[in-house]
Amino acid sequence: MAGKNETKTLKQCKDYIRPLLKQCKNRRLEESMMSHLLKIVQFCKEGEFVKANDAYIDVAIGRAAWPIGVTMVGIHARSGRAKIESANVAHVMNSEMQRKYLTSVKRLITY
């Protein structure tokens, strides 16, 4: 049973990563995404899989401040409020296609 699940996961990974490879081939991949993916590949080549995983997390969820609870409780603006609205948006939230091929990249890192 485990072999069947692994085979399905492999096939899904191949299907999901195909758009990424197509974008790379056509040179239409976003510059920021390309730099993150190059970092991930470089770390994997060096055998630094923990650093590759950290780079994946950077591209997947980003470094933006995450609002926890209520952000405006008083009448004065807080200094941390600006960080929440920063342009540090995660790539995985941009489209379903990007979410799928980043999931496949993660699977390749952890394989």
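Analyst: Among the chain's contacts with a separation of 6 or more, 67% link residues 24 or more positions apart. Bear in mind that this is a predicted model. The chain holds 5 helices and 0 strands, and its pattern along the sequence reads α-α-α-α-α.

Let's zoom in on helix H1, which spans residues 2–25.

Is Gln 23 buried or exposed? Its relative accessibility is 19%, and the cut-off for buried is under 20%, so Gln 23 counts as buried. Leaving aside residues up to four places away in sequence, Gln 23 touches Arg 28, Leu 29, Met 97 and Tyr 101.

Leu 10 tells another story. With a relative accessible area of 53%, and exposed meaning over 50%, Leu 10 is therefore exposed. Which residue can we pair it with in space? Arg 107 is 97 residues away from Leu 10 in sequence, yet their C-alpha atoms are 9.1 Å apart.

To put these two residues back into the whole, 23% of the chain's 111 residues count as buried, and Gln 23 is one of the buried residues. The accessible surface of the chain comes to about 8,600 Å², with carbon and sulfur atoms contributing 57% of that area.

How values were computed:
Residues are numbered from 1 along each chain as its sequence is written. This is a predicted model: local features need pLDDT of at least 70, side-chain atom pairs count only at pLDDT 80 or more; totals for chains, interfaces and linings use all residues. Side-chain values use heavy atoms; hydrogens and water are left out. Helices (H or I, at least four residues) and strands (E, at least two) are DSSP runs, numbered from the N terminus. Buried means under 20% relative accessible area, exposed over 50%, partly exposed in between (1.4 Å probe, protein chains only). Contact means heavy atoms within 4.5 Å. Accessible areas come from the Shrake-Rupley method with a 1.4 Å probe; for residues, only the protein chains shown count as cover.
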